[in-house]
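Please read it alongside the sequence.

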Amino acid sequence: MIDGLVRDTRFTTFDGTLSLATKHQRPDRFSHLESPDSTMHRIPRGGGYSYSASSFGENSLVQEMTCFNRFIDFNSETLTLKLEAGVRLIDLMKWALPRQLHFPVLPGYPLITVGGCVAADVHGKNPYKDGTFSDWVKQLTVFHPQKGYQSCSPEENSTLFAMTCGGYGLTGVITDVTLQLATLPTPWIALSQHRVGSLEEAVRELSSCDADIAYSWHDATAGSNFGRGIVYVGQWTKNGALPKPMKYHPMTANTRARLPISAWNGLTARVANSAVLLQARYKSKISVMGVMAASFPFATNVYFHKLFGRPGLRETQFLVSEDKMGECSHALRKLVCDTGAPTMMLSLKRFKGVQKSLSMSGTGYLVAIDSYRNARTDLFMHRLDQLILDVGGQPNLSKDSRIPGEVAELSIASFAQFKQDLFAYDPARTMRSELSRRIGLS
């Protein structure tokens, strides 16, 4: 008997490429979380914004943690905040900003949960400067049905801590997290934009800037326009008034896919990219905005994702070392242009990560590519996997719904050690998802 309502629910990856039905529980107290049989396969779920199926799987009970959303304790001397794993990023920031505090590592959407950020070890707008989410985690608690509640930190139970940060829920359910907050310099960000003609030019711009926010956007369509783009650089700045509350349109995997067909194709992608570049030419070079708007740019403009419709999109993110970035950008241009790949846009960030799990680790450039789906998509992704291996890149598992297990094993430096530690920690492999099945960890 499972306490707490259990029903059959169909889950879909945010990119729309995988959907399946399984058992679903939304516990709102610890007794509900603990109530399923301890041998039952399960996986925790936060907001459901992963592109990969890391929070659901066939024959696994999905335990959605969004009801675990309380703020537990705040230490005003150390600026550490203990909260439950289901707290959303927007609620964290709404709590922090009036207290002149902020959290430096914020991914692009405000409804992602803190537990989900830990499980994927997400990055923000400047991972080279701020690191990844796990760098700001001081302590966390993990519930495993056969092991109970376990506290861990970089100093206490450190192996479990390292496996859980970037472990995609495979060590258990994160119930609470203690975060290190930072003092808010000002509620405003001045975001400047500078047009560039190639990926190589963007790399030079990003490598020479010392900013609080730094990333680029590029046209990734096949042809002569490939690589044209904009480098965005943000700095804290002062403004007399407080920013207005950010207005945004909540979006889920289901609402993203309401259109029956995709509006994106080769023609519309080229037109949209040209419009972005044209707008940048005549728009003010510096825009002053609130920290929330600067942190969550996709929240206020949902049309890019919604126009992919029910067919969905393909996204790949991977890390390339600094000394291989030139080779990578040349090979990527050749691959896209030679194959007429269905790529739309590409972005770059400087990156620095140290976590030793399934998340990215090392220093270099993070490359993100979005593609619409057509007959050439799967072949392009297969050849892109080989390119990643050729340049020694590391994929971001949360942003790709189809990375094969052999690619993950070859490209993630700590994969073998993580697998060994995970199987020793939980030989029965109680925590299972579609992602863990795909990459050989179930």
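The protein chain carries 48 positive and 39 negative side chains, and the centres of the two sets lie 8 Å apart. Here Lys and Arg count as positive and Asp and Glu as negative, while His and the chain ends are not counted; each charge is placed at NZ of Lys, CZ of Arg, CG of Asp or CD of Glu. The model is predicted: local features need pLDDT of at least 70 and side-chain atom pairs count only at pLDDT 80 or more, whereas totals for chains, interfaces and linings use all residues. Residues are numbered from 1 along each chain as its sequence is written, and side-chain values use heavy atoms, with hydrogens and water left out.

**Overall form**

- The protein chain contains 15 helices and 19 strands, assigned as DSSP runs numbered from the N terminus (helices: H or I, at least four residues; strands: E, at least two).
- Along the principal axes, the C-alpha atoms of the protein chain fill a box of roughly 60 × 55 × 40 Å.

**Burial, surface and contacts**

- Of the 442 residues in the protein chain, 58% are buried (under 20% relative accessible area, with a 1.4 Å probe and protein chains only).
- The accessible surface of the protein chain is about 18200 Å², and carbon and sulfur atoms contribute 52% of that area; the areas come from the Shrake-Rupley method with a 1.4 Å probe.
- Among contacts (heavy atoms within 4.5 Å) with a separation of 6 or more, 73% join residues 24 or more positions apart.

**Cysteines**

- The count of disulfides (pairs of cysteine sulfur atoms within 2.5 Å) is zero.
- C117 is in no disulfide, as the nearest cysteine sulfur, that of C165, is 11 Å away; C117 is buried because its relative accessibility is 0%.
- The sulfur of C328 lies 14 Å from the closest cysteine sulfur, in C337, and this is too far for a bond. C328 also counts as buried, at 0% relative accessibility.

**Surroundings of D15**

- D15 sits in the loop between β1 (6–12) and β2 (19–25), and its 1% relative accessibility makes D15 buried.
- Leaving aside residues up to four places away in sequence, D15 touches Y51, R256, G312, L313, R314 and S401.
- D15 and K399 are 384 residues apart in sequence, yet their C-alpha atoms are 8.8 Å apart in space.

Methods: Buried < 20%, exposed > 50% of the residue type's maximum accessible area, 1.4 Å probe, protein only.
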